[in-house]
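Please consult the sequence and the structure below while reading.

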Amino acid sequence: MSLQIHWLVRYTLAMVVMLVAVAFRLALVPIMGLNFPYITVFPGMMFVALTLGAGPGIAATIFGVLLAECYFVPPEGLALSLEEIIRAAIMMSTSGYVGWVSTRLRAACKQADTEAMAAHTAQAALRESQEDLERAQAVGQVGSWRLDTRRNRLTWSDESHRIFGLPKGTPMTYETFLSAIHPDDRQYVDTQWQAGLRGAPYDIEHRIVADGKVKWVREKAHLEFDAAGALLGGFGITQDITARKETEERLQHAAADLQATNASLREAQRATLNLMDDAVAARKKAEWLARFPHEDPSPVLRAAADGRVLYANPAA
């Protein structure tokens with residue numbers, strides 16, 4: 001507080017406080033007489049030192065001692081004995097020390113307030129960043145996770161919980177993760193993870209069972225080792241690729257249907273070409289036999305309008 005008030009105002013306030021303290025002591029003279037001359041002056045000096053700082057505290061001490069010696073210490077007046085001078089010096093030293101400590105405390109409090117404000121700002125920025133990350137993960141359907149192998153503790157992001165259909169707060173371990181894997185893929189995933197623990201890349205696709213539905217996910221991990229090569233843990237992502245897999249499956253079915261249709265078309269084309277070839281051959285044969293009826297193995301007769309046989313081949 002003293003750092004924000006002009007020095008002249010601080011010293012003026014110190015004098016006013018001491019005048020009030022002395023006036024209060026004067027009001028107590030009918031009750032206490034001149035005993036305890038500093039009973040109100042000393043608290044006033046401490047108050048000034050604590051609130052206004054060391055300089056105003058020392059000034060208030062000098063002013064208060066002079067007023068007390070003048071009004072309450074017989075013989076009344078400003079003449080000070082050695083004992084009174086020593087007492088005043090002790091009081092000024094005490095007041096100065098208290099003021100110095102007060103100044104340091106206020107500075108420390110101000111620094112603490114500044115640091116607290118900075119920490120609050122940093123926490124707010126961290127919360128905003130975390131919220132942005134969670135929104136981005138929800139949009140991209142990509143969750144993150146961290147595994148502490150020393151504590152066998154698995155931590156999932158909100159999106160990972162959503163992908164696997166497990167509520168937040170569920171105790172997570174590697175075994176919990178494995179239990180969510182499709183039974184037909186569980187051994188494959190565990191084998192790949194164990195290989196990853198030995199240094200192999202961990203980037204796989206597999207099925208899970210979430211809320212009674214089969215989903216496809218892609219998982220990729222970065223494992224962390226200490227200087228001795230011991231595994232510390234891992235960080236990774238889980239991406240819901242169910243829509244992509246379903247699209248790929250539909251494309252495969254469509255490709256298979258297209259291939260079958262093409263095969264049918266090719267077979268129909270071959271049959272059509274064979275029929276056309278047979279028709280051409282039959283026509284050529286008919287034309288040839290028409291020119292040479294005696295070569296036709298079938299009976300051929302040509303008759304006139306009156307019934308007379310004009311021609312008969314050998315078969316007839």
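## Strand pairing and hairpins

In this predicted model, strand β4 runs antiparallel to strand β5 (residues 231–240), and 9 bridges join them. Strands are DSSP runs of E with at least two residues, helices are runs of H or I with at least four residues, and both are numbered from the N terminus. Two strands count as paired if DSSP finds at least two bridges between them. Phenylalanine 225 stands opposite leucine 231 in β5. The hairpin of β4 and β5 has 5 residues between the strands, and glycine 229 there takes a positive phi near 90°.

Strand β4 is also joined to β3 by 9 bridges, again in an antiparallel arrangement. Across this pair, isoleucine 204 faces glutamate 219 in β4. The hairpin of β3 and β4 has 2 residues between its strands.

Aspartate 211 is found in the loop between β3 (202–210) and β4 (213–225). Its phi is positive, about 55°, although the residue is not a glycine. Most residues other than glycine have a negative phi. Aspartate 211 counts as exposed because its relative accessible area is 61%; exposed means over 50%, buried under 20%, and partly exposed in between, with a 1.4 Å probe and protein chains only.

## The nonpolar cores

A nonpolar core is a set of buried Ala, Val, Leu, Ile, Met, Phe, Trp, Tyr and Cys residues joined through side-chain atoms within 4.5 Å. The largest such core has 22 residues, of which Phe177 and Trp193 touch the most other members. The elements giving two or more residues to this core are β1 (142–148), β2 (153–156), α6, α7 (174–179), α8 (186–197), β3 and β4. Strand β3 supplies the largest share, 4 residues. A second, separate core of 13 residues includes Val41, Ala60, Val65 and Ala68.

Leaving aside residues up to four places away in sequence, phenylalanine 177 touches Leu154, Trp156, Phe164, Val189, Tyr202, His206 and Glu219. Contact means heavy atoms within 4.5 Å.

## Histidine 161

Histidine 161 belongs to helix α6 (residues 158–164). Because its relative accessibility is 8%, histidine 161 counts as buried. Beyond residues up to four places away in sequence, histidine 161 touches Trp156, Leu166, Pro167, Lys168, Gly169 and Met172.

## Basis of the description

Residues are numbered from 1 along each chain as its sequence is written, and side-chain values use heavy atoms, without hydrogens and water. Local features need pLDDT of at least 70 and side-chain atom pairs count only at pLDDT 80 or more, whereas totals for chains, interfaces and linings use all residues.
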